[in-house]
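Colleague: Could you walk me through this model while I have it open? I'll ask as I go along.

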Amino acid sequence: MDSEHFQTLIHKHLDDVMSAEERAEFEQMLLTSPQARTEFWKVAKQHAALRTWGESRNGQQRGTASQRHQSRPTRVMWALTGVAALAAVLVLSLISGWGDKPATVSPSELSQEDTSEEYQPENMPAEPPSRSVAVMRATPDVKWNAGSTALAVGDSLQPGWLHLQSGVVQLEFALGARVVLEGPAEFQLVSSGEAFLKSGKLRAFVPEPAQGFRINSPDCLVVDYGTEFGFSVGGTGASEVHVFKGKVEVQPDHDMSRKQMLTGDQAVKMATGGQLVAMSANSASFINEDELGRRRHENSRTAMERWRTGSDWLRQHRDTALYYDFQKTHEWSRTLVNQAVHGLPEAEATVVGCDWVNGRWPDKGALEFKRPGDRLRVSLPGKLMDFSLIAWVRVDSLPWLQNSLIMGDSFQPGETHWFLSREGNIGFGVRNVRNQWTSYKSPPIITPETRGSWVMLVTVYRGYEVNGTVNITHYVNGHTIGSIIQTGPHTLPDLGTFEIGNWAVKPDEPIWVQRGYKSRNPADHVRCLKGRIDEFAVMRGLLSDADVARLWESGRTE
Amino acid sequence: MHLDPQAHLFHVQSLYVQHLPALRGFVLSLVTDFTLVDDVVQETFIVVTKKADEFQSGSNFRAWAWTIARFKVLQALERARKINDRLSLEAIEALCAHEEAESDWGTEQQLGHLAGCVEALAPRARQAVTLRYEQAHKPPEIAKIMGWSVDAVNVALSRARKVLRKCVEQRISLQGA
């Protein structure tokens, strides 16, 4: 086989410039020579890798444009195709280039900007075995040190450090010991039966099955033989151990030979030189579980009162078309009543799947989106000119290209989509008359650190502002994170029937293909949210920056 | 373990997404037309979804999905191309039988090096590569844009690919050493 010549043929095949004669020769070689087939796949794989590179670069360039946008305080418009950029004020056009075949343009075009081909769900159903050693139970008033991961109630904790700036957390170790840790504290989870207190104060409850629970500090080791003790490591490093009930063994300087057994109401302090100085136990200086419960309750009550002012404002505002506060009336309630005083009473949300869970506070209700079928279905008839979307969301993961906040499915001009992308951006788009999307994606806002925390997402759409432009602004937790002005053509948004937290489209049901669904990315129809929602509103009007900031103030968790 | 149908479907779709980069590469190599690739990949997904219950968890997903994809490739070529303008059934079958399951289709590392190597190409070669792979133009269109003959574009592209392959191999072996 002439290897050089065969190489040329492979390239011609891949570039689709092969004559019939060349193809006959090429096939002959492929059929007769295993070496030729091996060579083919080598070159083909490189060709495919180049295409992956090319496609991802396409996405990256658009990504860069929006990042540039982020760093500018003023509204910036940016040009992709066909629209002249006006000197200092740039004009952003639609994501175009699909106009030549409108029938095949699908909602997935919204994801054109993030269509790098190597995407993978982040939480595959087959999860690796958990390394969790403890679970976070309660976190009233908690503040984490800058740079450390903010943890929420219910989070599984792997071995590692907790850097607590202030507030109190309660941890349940897998073997049964419970620890109430007061900030400021530096605390390391070592295993399901062991921890290290570098600084700070804790109270430990060790039931029968957890006996032998060990906590180290820089200058001693404490082994618990049942029930309850307090342990503090001061700024100077000197540890104190206070036993309230049961028995505890203390080893100064981790020296087995000098270990000492303490029982109820006894306490010791490490003096310099590793001496143990006896003192009386002071239970009041360590926060106990009752106190923790009281604080949690108190905290929740104050926060809920603050939230109710914002909630009432939304409920009674003349522009509010839809308002769900997610306060369940009964365990079995399967509809959310539209609480907007000036809204349509029939615009209730039908709950499909979705379990009732706790929201931002223990007394706040929320619905959980966990299974692929969990969804809320809503109808809001009528076209909108200006409108604002508000949602309080706790994102657990973002496995899909688009993770639904709301998704319409009319496939008609006006259809509206609002979602979080896999990269953590807020995406928003309205299908226009050309079957393209008037859309805008914010810089990334959901990061691994903010997952599991409640965030307030707001998007404000100002229609037909000047000369047929629209203005889309995204807000996170009360602040603007990006704004864009787009030129036409536009269509008045028409939410119609839509889903919160999911998307109705299934590629194997003929109705969607008939309506015009055609995905560029397989699996793109899977858009179910993984997380919780505990407040949602649509307003037929514009929220101002100040309105958004006020709503955030009234609803924030910390 | 028996999953409920919904969870099983979800599992199968997740596996599909995991294998997607390789599957796209596989399809691209055989149908060659970039615009056809999306159709084939999507049709494959629809069949995978429909037949998910026939897939047994724990068995070889790649082999199962590749069989479906190969069938969809043949169908697409039959639809889109005249008989003497496409690879024959026999050639495709022979190639498929020879495609190794373990081989990778562009790891993160390879793609990273590839991006660096493209940057290092001569400007005109880089332009041709960009037009071909980023803008998805075919050689006759590239020839028009660049003012070259089609043959010149063909030669430039195949040369660039050879240079890039060597460059990536070199960078990987340097990193390994």
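Colleague: Leaving aside its neighbours within four places in sequence, which residues is A:F411 in contact with?

Modeller: Once those neighbours are left aside, A:F411 is in contact with A:R515, A:G516 and A:Y517, where two residues are in contact if their C-beta atoms, placed from the backbone, lie within 7 Å. Before going further, please keep in mind that this is a predicted model, in which local features need pLDDT of at least 70 and side-chain atom pairs count only at pLDDT 80 or more, while totals for chains, interfaces and linings use all residues. Residues are numbered from 1 along each chain as its sequence is written, and chains are lettered from A and ligands numbered from 1 in the order in which they are written.

Colleague: OK, and where is A:F411 found?

Modeller: A:F411 lies in the loop that runs between β21 (402–408) and β22 (416–421) of chain A, with helices (H or I, at least four residues) and strands (E, at least two) taken as DSSP runs and numbered from the N terminus. A:R515 is 104 residues away from A:F411 in sequence, yet the two are 6.2 Å apart in space, C-alpha to C-alpha.

Colleague: Stepping back, how many helices and strands does chain A come to?

Modeller: Chain A comes to six helices and 29 strands, and 45% of its 558 residues count as buried. Of the contacts in chain A between residues at least 6 apart in sequence, 57% join residues at least 24 apart.

Colleague: And how many helices and strands are there in chain B?

Modeller: Chain B has eight helices and zero strands, giving the pattern α-α-α-α-α-α-α-α along the sequence. Of its 177 residues, 36% count as buried, and among its contacts between residues at least 6 apart in sequence, 64% join residues at least 24 apart.

Colleague: How many residues of each chain are in contact across the two?

Modeller: The contact involves 51 residues of chain B and 45 residues of chain A. On the side of chain B that touches chain A, the elements giving two or more residues are α1 (5–31), α2 (34–50), α4 (89–98), α5 (108–119) and α8 (150–176) of chain B, and the largest share, 15 residues, comes from α1(B). The residues of that side divide into 24 nonpolar, 17 polar and ten charged, where Ala, Val, Leu, Ile, Met, Phe, Trp, Tyr, Cys and Pro count as nonpolar, Asp, Glu, Lys and Arg as charged, and the others, Gly among them, as polar.

Colleague: I've clicked on B:N154; is it buried or exposed?

Modeller: B:N154 is buried, because 21 other C-beta atoms lie within 10 Å, and its place is in helix α8 of chain B. Not counting residues up to four places away in sequence, B:N154 touches A:H11, A:K12, A:D15, A:V17 and B:P139.

Colleague: Switching to α2(B), which of its residues are buried?

Modeller: In α2(B), the residues B:V37, B:D39, B:V40, B:V41, B:T44, B:F45 and B:V48 are buried, and the buried residues of this helix pack against α1 and α3 (61–80) of chain B.

Colleague: At what angle do α2(B) and α3(B) pack?

Modeller: They pack at an angle of about 135°, with their axes 9 Å apart; axes are lines fitted to C-alpha atoms, for helices over the stretch in contact, and angles run from 0 to 180 degrees between N-to-C directions. That makes α2(B) oblique to α3(B), since angles under 35 degrees count as roughly parallel, over 145 as roughly antiparallel, 65 to 115 as roughly perpendicular and the rest as oblique.

Colleague: Which residues of α2(B) meet α3(B)?

Modeller: From α2(B), B:L36, B:D39, B:V40, B:E43, B:T44, B:V47 and B:V48 meet B:A65, B:I68, B:A69, B:K72, B:V73, B:A76 and B:A80 of α3(B). The residues of this contact divide into ten nonpolar, one polar and three charged.

How values were computed
A residue is buried if 20 or more other C-beta atoms lie within 10 Å of its own, exposed if 12 or fewer, and partly exposed in between; C-beta atoms are placed from the backbone.
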